[in-house]
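I opened my notebook to see how this chain is packed. Here is the structure I worked from, followed by my entries.

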Amino acid sequence: MVKTVLFLCGLAIIIGLILAAPLFTRLRRKRLRDRPFPPSWQHILDRHLPFYEQLPAPLPKRLRGYIQVFLAEKRFIGCSGLNLTDEMRVTIAAQACLLVLHQERFYPTLKAIYVYPAAFLVNTKQSLGTYVLEEKVARRGESWEQGIVVLSWADIQHDVAHWHDGNNVVLHEFAHQLDQEDGRTDGVPLLEHQADRVTWAQVFSQAYLALQQDVKRGTKTVMDEYGATNPAEFFAVATETFFEKAALMQRHHPELYTMLQRFYRLDPVSWRQPH
């Protein structure tokens, strides 16, 4: 009898801790967000992140808080002898957090960010009939379903220096992370309402097929032609375009812009433009 009571008490405690875990997480994250933002980090945002000064209130404050949570929770690893600095970590975190400013999910499946000094080589295999071609290919970034993001610091620096060109490796790979949260890399991230999946599929399929046709015809496109590779890459490229070439996307792909606006709950077209 005593053993049964002890077992039930222990079980109740365990269940209580499990149920309370989300509350503890929210409280811990609130404390992190409310901490004073380090002046050296603020200098990085002001000097190196072109989009930061364009954000309307209260987004700058929210972004600073999210950066503190992200850097406290996520593991950064330097590769090929790279010594990680605050500039690297804050620059990556700021762009990653931009995608989730209104979602508060903080990439729950993300385990680590690996940063290389420059483009890195990966082994690839390609089936050619009865043969398999193996080669090394240079990559700017990768996102793995196992919760890993791999990035090239040289490419990150180039991207933030050319913010409005529509190419951004951090936005691209972290869009993949959002896509992969449900265990599938299919160009459909977790949506707030299940009913949104139908509209999402219609809008994205139409825009994806249109991009493929434009690429085949050699027509100049607002989105990078890499988005025509598959639906997952289309979502990642569309995300880059949404944040970096918002006005052009809204003009040429209004329905797609609206869907991304609803998903990210942000409207980059309305942000202050750089002087």
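Predicted model: local features only at pLDDT ≥ 70, side-chain atom pairs only at ≥ 80, totals over all residues.

**Helix crossing, cores and a buried threonine**

Residues are numbered from 1 along each chain as its sequence is written, and side-chain values use heavy atoms, with hydrogens and water left out.

Next I looked up the geometry: α2 (residues 39-48) and α3 (residues 59-73) pack at about 115 degrees, with axes 12 Å apart. Helices here are DSSP runs (H or I, at least four residues), numbered from the N terminus. Axes are lines fitted to C-alpha atoms over the stretch in contact, and angles run from 0 to 180 degrees between N-to-C directions.

Which residues of α2 and α3 meet? I found W41, Q42 and L45 on the α2 side, and R64, I67, Q68 and L71 on the α3 side. Contact means heavy atoms within 4.5 Å.

**The cores**

I then turned to the largest nonpolar core, which has 73 residues; F70, F174, L256, L260 and Y264 touch the most other members. Helix α4 (residues 86-98) gives the most to this core, eight residues. Such a core is a set of buried Ala, Val, Leu, Ile, Met, Phe, Trp, Tyr and Cys residues joined through side-chain atoms within 4.5 Å. Buried means under 20% relative accessible area, exposed over 50%, partly exposed in between (1.4 Å probe, protein chains only).

I followed L256 and noted that, beyond four places in sequence, its partners include V203, F204, M223 and M249. A second, separate core has six residues, among them I77 and V150.

Is T241 buried or exposed? T241 is buried, at 0% relative accessibility, and I located T241 in helix α8 (residues 231-244). Setting aside neighbours within four places, T241 is in contact with G166, V222, M223, A246 and M249.

I checked G166 too: G166 lies in the loop between α5 (153-161) and α6 (169-180) and is buried at 4%. Beyond four places in sequence, G166 contacts E240, T241, E244 and K245. Its C-alpha atom is 8.2 Å from that of F242, 76 residues apart along the chain.

Key:
Helix = DSSP H or I, 4+ residues; strand = E, 2+ residues; numbered from the N terminus.
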